[in-house]
Amino acid sequence: MSAPSTAVDLRDVLAGVPTGLFIAGRWRGATSGRIMPVENPATRQILTHVADAGVEDAQAAVTAAAAAQNAWAATPPRMRSDILRLTYERITARTDELAAVMTAEMGKPLAEARGEVTYGAEFFRWFSEEATRLNGSYGTTPDGRTRMITMRRPVGPCLLITPWNFPLAMGARKIAPAIAAGCTIVFKPAPQTPLTALLLTDILHESGLPDGVLNVITTSQAADVIEPVMCGGVLRKLSFTGSTAVGKTLLEHASHTVMRTSMELGGNAAFIVFDDADLDTAVEAAFAAKMRNMGEACTAANRIYVQHGIAEQFTAALSQRMSALVVGDGLRDGVQVGPLIDAPSHRKITGLVQDAVAHGATIVGQADLPDGDGYFYPPTVLFAPGPDSRILRTEIFGPVATVIPFDTEDDVVQAANGTPWGLVGYVATRDLNRALRVAERLEVGMVGINTGIVSNPAAPFGGVKESGLGREGGHVGIEEYLEYRYVAIPAG
C-alpha cells in the first residue's frame, strides 16, 4: 500500500484543530472536565480527544445565543452577507486541510472529501446572496380600510443537529441560512466527526462572526443534554438531520414549546431503470446514486429496480463497476472507497447482506478488501433479494447495491412507493413523457432523471412522509429561519 497522499501534513492539521466547546466567542473545556475520543475508522486508532459537554455546558450555549440574538438580528444584511462570503472564500482556500481532517475522522476518500468541501462552501456563497434579499410587502386590504405591511424577521435562537456522514456540508447547509436570516445558533455536530465542525467554527470566527452568534457543543450523551435545553423555552427553532427514529423523539420534545422544526430524516430511495434507457447512462447514474459517500448517504439508491428486458445486462455492468473499486484508507493514493464509520455500521450491513442471501439474493460481485483493522466492507451487488429481505425495508447506509427485476410501470411505482420514507427517487428512461409521468407519481421530495446526483445548494432539498419536514437550500431554504410579521395601519 502506498504512503498517505494528503496535500498537508495530517499531524500538523490535527494540531491546529480546536478540541473544546465554543461558547460566547471563546473556546473552553466541558464543565465536568470530561473528554471523548475521536476514532479513525480506517485504522481504529484514536486521532485526538474533544470536550464532552454536559447539560450545564448546553445551557451556557443557549444563554449565549439568547444574549446575542437581538443585536445579531439588528445587524445590516450586508454585514451578514460579507461574513458568509468571506467564510466561503476561507473554506475554499483551506480545502486540503478540511478534506484531510474529514477523511481522517469519517473515512471517505480524499477526492470525495474535497468534493464535500466544495459543496459545503457553496452554501455560504449561496446564502451570502440570499441575506440581502429578505423583502417584505406593502398593500391594502380588499375593503381599502387598512394598510398592510409584512416583515420577515429571524425566528430566534436555533438548535442545529447534524450527522456524521457529511460533517462539513450538513453544518454549512444549516448554519449559513441561519446566519443569513439573523438567527443565533447552538450547533451540535455528531460525536463521530466533531473535528470538521470545530474547524469550520474556527473559520467562521476568523471571518468576523460576532461572539455568541454561533455556539458549539460536542457531546457523547446527546439524549441527556439536548432534551432539557429544548424544553427550556429559549430556543425557537430546531433543524435536525439524522435517523427517523431520533427525529420523532426530537419532534416530541419540540412540541413542549411549539418550536419551529425542520427534519431531514431517513431515506430508502428507489432507482428505476426502464428497458428503453441508455444502458451506459443508467449504470453510471445508478452507480453515482449508490456510491456517493460510499453509500453512506440518505439519498443513496437502496433499491435498484430494473425492467426484465435489460436486468441481466444491467446487473453485469454494475457488478463490473462495483467490483473494480479500490477499498482502503481514504488518505492513501488510489483509494476509491473508505471504511464504514464504526463497528455497529459494519455489523448492520453484514447482517443485512446475510439476511438477503438467506431470502434468495445472489451476490453477483464484490470488490476486494485491504489488509488492516478498519471497518471496511466490500462494495457488493445483490440480485433479486426476496420480498421479505430486511435490506429492502432498511436504509442500508453502505456500499451494497440491490437489483430487483420488475415488469410494468405500475408495478414498479407501487413498489417504489411501498415504504414509509419519501426523500428521493431516480428514473432512467429515454421517454420524456414516461420520465415526467413517473416523477409525478413517486411519493418523494426530489427526483433525478437519468442522473444519480440531485443535491445542489441552489435547489430545495428535503422529503415527504417519514423522510422529514421542510426544505434546505434554494430560495426556500432561508424561509425555515424566518417568521412573517404583519403590521396593520388604518388607511386615512
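Predicted model: local features only at pLDDT ≥ 70, side-chain atom pairs only at ≥ 80, totals over all residues.
Helices here are DSSP runs of H or I at least four residues long, numbered from the N terminus.

**The largest pocket**

The pocket itself has a volume of about 950 Å³. Its lining takes in 39 residues, and W164, F240, G242, S243 and V246 are the ones that lie nearest its centre. Besides α9 (244-255), the elements that give two or more residues to this lining are α8 (222-230), β10 (237-241) and α12 (343-358). Sort the lining by class and you get 20 nonpolar, 13 polar and six charged residues.

**The seven-strand sheet**

Next up is an open sheet of seven strands, with mixed pairing and the order β14-β15-β16-β13-β12-β18-β19. β14 (362-366) and β19 (446-449) are its edge strands, each pairing on one side only. From one strand to the next, the twist averages 20°.

| Helix | Residues | Strands touched | Angle between directions |
|---|---|---|---|
| α11 | 308-323 | β12, β13, β14, β15, β16 | about 140° with β13 |
| α14 | 432-441 | β12, β13, β18, β19 | about 160° with β19 |

So where do the strands touched by α11 sit in the chain? Among them, β13 covers 301-307, β15 covers 380-383 and β16 covers 400-406.

**The three-strand sheet**

There is also an open sheet of three strands, in the order β5-β6-β22, with antiparallel pairing. β5 (137-140) and β22 (482-490) each have a single partner strand, so one side of each is left without a neighbour in the sheet. Ignoring direction, neighbouring strands of this sheet are turned by 20° against each other on average.

Zoom in on β5 and β6 (residues 146-154), and you'll find four bridges joining them as they run antiparallel. Y138 has I149 in β6 as its bridge partner.

As a general point, strands of a sheet pair through backbone hydrogen bonds, in either a parallel or an antiparallel way.

**A pair of helices**

Finally, have a look at helix α5 (residues 110-130) and helix α6 (residues 169-181). How do their axes sit? The axes of α5 and α6 come within 8 Å and cross at roughly 10°. Angles under 35 degrees count as roughly parallel, and α5 and α6 are therefore roughly parallel to each other.

Which residues make the contact? On the α5 side they are E116, Y119, G120, F123, F124 and F127, and these meet A169, A172, R173, I175, A176, P177 and A180 in α6. By class, the residues of this contact divide into 10 nonpolar, one polar and two charged.

Terms used: Residues numbered from 1 in each chain as written. Heavy atoms only, no water. Pairing = 2+ DSSP bridges. Axes fitted to C-alpha atoms, helices over the stretch in contact; angles between N-to-C directions. Contact = heavy atoms within 4.5 Å. Parallel < 35°, antiparallel > 145°, perpendicular 65-115°, else oblique. Nonpolar A, V, L, I, M, F, W, Y, C, P; charged D, E, K, R; others polar. 1 Å grid on protein atoms, 1.4 Å probe; cavity = no way out; pocket = protein on both sides within 12 Å on 5 of 7 lines; lining within 4 Å. Points joined across faces, edges and corners; volume = space filled by probe spheres on them.
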